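Dear colleague,

Please find below the structure that I am handing over to you.

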Amino acid sequence: MFANLSHPQLWFFAILIIALVLFITEWIHSDVVAVMIVVALYVTRVLKADEALAGFSSEPAIVIAGIFVLSGALHVTALSDKIGSLIGKLAGKV
């Protein structure tokens, strides 16, 4: 089955299988695994540097990263709890 595959294709399948195991078992956080996949694809020369980093330059990826940063800051400062309580009080009065 794997006899007709090139070296980059074999590397890709190896990385895919390892990534699936890591995602399913959650031995390592999923965000770290995602970055490790990109690094592994670059190190094994399956992707060129510009191809590997292309996803980080897309606008939706930057927006989602910003949302994670803002929600983390709201959680750490407990501002999200205060806003939730305020909404709960306002909803109870209706």
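I begin with the region around Leu-53, which lies in the loop between helix H3 (49-52) and helix H4 (59-76). Please note that the model is predicted. The protein chain has an average pLDDT of 89, and 96% of the residues score at least 70. Confidence is highest in helix H1 (residues 7-25), at 94, and lowest in helix H5 (residues 79-93), at a mean of 88.

Leu-53 belongs to a nonpolar patch on the surface, together with Val-35, Val-39, Tyr-42, Val-43 and Phe-56. The accessible area of these residues together is about 590 Å².

Helix H2 spans residues 30-43 and has 14 residues. From its first C-alpha to its last, H2 reaches 20 Å, close to the 20 Å expected at 1.5 Å a residue. In general, residues three or four places apart in an α-helix point the same way, because such a helix has 3.6 residues a turn. Just after H2, Arg-45 takes a positive phi of about 65 degrees.

Phe-12 counts as partly exposed because its relative accessibility is 35%, between the limits of 20% and 50%. Phe-13 likewise counts as partly exposed, because its relative accessibility is 32%.

With kind regards

Notes: Residues numbered from 1 in each chain as written. Predicted model: local features only at pLDDT ≥ 70, side-chain atom pairs only at ≥ 80, totals over all residues. Heavy atoms only, no water. Helix = DSSP H or I, 4+ residues; strand = E, 2+ residues; numbered from the N terminus. Expected span 1.5 Å × (residues − 1). Patch = residues over 30% accessible without salt bridge, like charges linked within 9 Å, V, L, I, M, F, W, Y side chains within 5 Å. Areas by Shrake-Rupley, 256 points an atom, 1.4 Å probe, with all protein chains shown as cover. Salt bridge = Lys/Arg side-chain N within 4 Å of Asp/Glu carboxyl O. Buried < 20%, exposed > 50% of the residue type's maximum accessible area, 1.4 Å probe, protein only. pLDDT = per-residue confidence, 0-100.
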